[in-house]
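Colleague: Could you walk me through this model, step by step? I am new to reading structures like this.

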Amino acid sequence: MTTAMSAPVNSDDDVELVQGDTYSNTDSRSLQWDLTGFPDLTGATITMRARSRTMLEQTGAILSVTGAVVTATGSQQVRIELTATNTSSLMPGTNQYEYEVGAALSGGNSITLIRGDMTVLRRQD
């Protein structure tokens, strides 16, 4: 299985966000991953979850966002869009969060597609 990415995701599948920014496909800023070798994603529900590294013992994600399957088979692609509300509550820090993108498949199984580190940069208002 292989993955590729598009900004703001780097080649190591690490994500870098700016606190308070919107990451919308309309603005060509969504988080997107190209996947190879995963099960058919037709009808799958895609979810991105992130947890603070300083609070790993807590249950539940600090950020949980539903994404979309762009291409379900062959050269697969999934997309996550984040609102300013989603990113405003994130605390700045290098590799402050760990994240994963998972799929709840139509047959009922759940799989992890991508895992990585997430850095949040302080907004310079």
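**Strands, sheet and surroundings**

Modeller: Strand S4 (residues 45-52) pairs with S5 in the antiparallel sense, over four bridges. Two strands are said to pair if DSSP finds at least two bridges between them, and helices (H or I, at least four residues) and strands (E, at least two) are DSSP runs numbered from the N terminus. This is a predicted model, in which local features need pLDDT of at least 70 and side-chain atom pairs count only at pLDDT 80 or more, while totals for chains, interfaces and linings use all residues. Residues are numbered from 1 along each chain as its sequence is written, and side-chain values use heavy atoms, with hydrogens and water left out.

Colleague: Which residue stands opposite valine 65 in S5?

Modeller: That is methionine 48. Buried means under 20% relative accessible area, exposed means over 50%, and partly exposed lies in between (1.4 Å probe, protein chains only).

Colleague: What is the order of the strands in the open sheet?

Modeller: The order is S2-S9-S8-S4-S5, which makes an open sheet of five strands with mixed pairing. Strand S2 (15-18) and strand S5 (63-66) stand at the edges with a single partner strand each, so one side of each has no neighbour in the sheet. From one strand to the next, the twist averages 25 degrees, where axes are lines fitted to C-alpha atoms (for helices over the stretch in contact) and angles run from 0 to 180 degrees between N-to-C directions.

Colleague: And how many bridges join S8 to S9?

Modeller: Nine bridges join strand S8 (residues 93-104) to strand S9 (residues 110-121), and the two run antiparallel. To follow one of these pairings in the viewer, look for glutamate 100, whose bridge partner in S9 is arginine 115.

Colleague: Which strands run antiparallel to S7?

Modeller: Strand S3 (residues 31-36) is joined to S7 by five bridges, in an antiparallel arrangement, and strand S6 (residues 68-71) is joined to S7 by three bridges, also antiparallel. S6 and S7 form a hairpin with four residues between them, and glycine 74 in the turn has a positive phi of about 70 degrees.

Colleague: Which residues other than glycine have a positive phi?

Modeller: Serine 28 has a phi near 60 degrees, and asparagine 95 has a positive phi of about 50 degrees. Serine 28 is found in the loop between S2 and S3 and is exposed, with a relative accessible area of 65%. Asparagine 95, by contrast, lies in strand S8 and counts as partly exposed at 31% relative accessibility.

Colleague: What about glutamine 19, buried or exposed?

Modeller: Glutamine 19 is buried, with a relative accessible area of 16%, and its place is in the loop between S2 and S3. Its side chain reaches the backbone oxygen of leucine 90 at 2.8 Å. Leaving aside neighbours within four places in sequence, glutamine 19 is in contact (heavy atoms within 4.5 Å) with several residues, including Thr87, Met91, Pro92 and Val120.

Colleague: Where does glutamine 96 lie, and with which residues is it in contact?

Modeller: Glutamine 96 lies in strand S8 and is buried, with a relative accessible area of 18%. Again leaving aside neighbours within four places in sequence, the residues in contact with glutamine 96 are Arg51, Ser52, Arg53, Thr54, Met91 and Met118.

Colleague: Last one: how many helices and strands are there in the chain?

Modeller: There are one helix and nine strands, and read along the sequence they follow the pattern β-β-β-β-β-β-β-α-β-β. Of the 125 residues of the chain, 39% count as buried. Among contacts between residues at least 6 apart in sequence, 63% join residues at least 24 apart.

Definitions and conventions. A polar contact is a pair of N or O atoms within 3.5 Å; within protein, one must be able to donate a hydrogen and the other to accept it, and residues adjacent in sequence count only if both atoms are side-chain atoms.
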